[in-house]
Amino acid sequence: CLTGAVHGDLGAYVHGRENALGNVVLPEFCYDPRPLQHSHASAASFLVDTCAREPGQVTVIALGPLTNVAEALRLSPDFASNVRRLVIMGGTVHGGQEAQ
C-alpha cells in the first residue's frame, strides 16, 4: 500500500510519493485517455499469442503478482519455451510480507 495506511510509508520511500514511479515525470504522450483496442480475452492470452507468434524473441517483464504468467502457463504448455527471458521485479527492502 503506497499510502502508508497499512505498513507505514516504506512503499512511498521506495517507489516515490508523487506517482509510485520513482517520481519520474513521464512525457504527456504517455497519458492517452482512450482505452486500448485489442482482441485478447486476457493479459495471459495476449502473452501466449504474442510469444507463440515470435518464439524466442519476447522478454516478459513481470512487475507485480505473477498471476498472468501462471495463467499463460496454464493456457499453453508451450508458453515457457516460447519466452526468451522472464524478468521479475520482486523482493523486499526490510523483509517479506507477513501474513496477518
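## Working through the fold: salt bridge, helix packing and core

R74 and E71 form a salt bridge, with 2.6 Å between the closest N and O atoms. A salt bridge here is a side-chain nitrogen of Lys or Arg within 4 Å of a carboxyl oxygen of Asp or Glu, and the count comes to 1. Before we dig in: this is a predicted model, where local features need pLDDT of at least 70, side-chain atom pairs count only at pLDDT 80 or more, and totals for chains, interfaces and linings use all residues. Residues are numbered from 1 along each chain as its sequence is written, and side-chain values use heavy atoms, with hydrogens and water left out.

**Exercise 1. Work out how R74 and E71 sit in their helix, and say how exposed each one is.**

Step 1: Look at the spacing. R74 and E71 are 3 residues apart in helix α3, so about one helical turn separates them. An α-helix has 3.6 residues a turn, so residues three or four places apart point the same way.

Step 2: Check accessibility. Buried means under 20% relative accessible area, exposed over 50%, and partly exposed in between (1.4 Å probe, protein chains only). R74 is exposed because its relative accessible area is 58%, while E71, at 29%, counts as partly exposed.

**Exercise 2. Describe how α2 and α3 pack together.**

Step 1: Helices (H or I, at least four residues) and strands (E, at least two) are DSSP runs, numbered from the N terminus. The protein chain has 4 helices and 2 strands, in the order α-α-β-α-α-β from the N terminus on.

Step 2: Read the geometry. The axes of α2 and α3 lie 8 Å apart, at an angle of about 60°. Axes are lines fitted to C-alpha atoms, for helices over the stretch in contact, and angles run from 0 to 180 degrees between N-to-C directions.

Step 3: Classify the angle. Under 35 degrees is roughly parallel, over 145 roughly antiparallel, 65 to 115 roughly perpendicular, and the rest oblique; α2 and α3 are therefore oblique to each other.

Step 4: List who meets whom. A43, A44, S45, L47 and V48 from α2 meet N68, V69, E71, A72 and L75 from α3. Contact means heavy atoms within 4.5 Å.

**Exercise 3. Find the residues of the largest nonpolar core, and the element that gives the most to it.**

Step 1: Apply the rule. A nonpolar core is a set of buried Ala, Val, Leu, Ile, Met, Phe, Trp, Tyr and Cys residues joined through side-chain atoms within 4.5 Å. The largest one has 11 residues: A44, L47, V48, C51, V58, V60, A62, V69, A72, F79 and V83.

Step 2: Sort by element. Two or more residues come from each of α2 (43–53), β1 (58–62) and α3 (67–75), and α2 gives the most, with 4 residues.

Step 3: Zoom in on F79. Not counting residues up to four places away in sequence, F79 touches L47, V48, C51, V60, V69, A72 and L73.

Step 4: Go back to α2. Its buried residues are A44, S45, L47, V48, T50 and C51, and they pack against β1, α3, α4 and β2.

**Exercise 4. Is N82 buried or exposed, and what does N82 contact?**

Step 1: Use the cut-off. N82 counts as buried because its relative accessibility is 15%.

Step 2: Name the partners. Leaving aside neighbours within four places in sequence, N82 is in contact with C51, A52, E54, P55, G56 and Q57.
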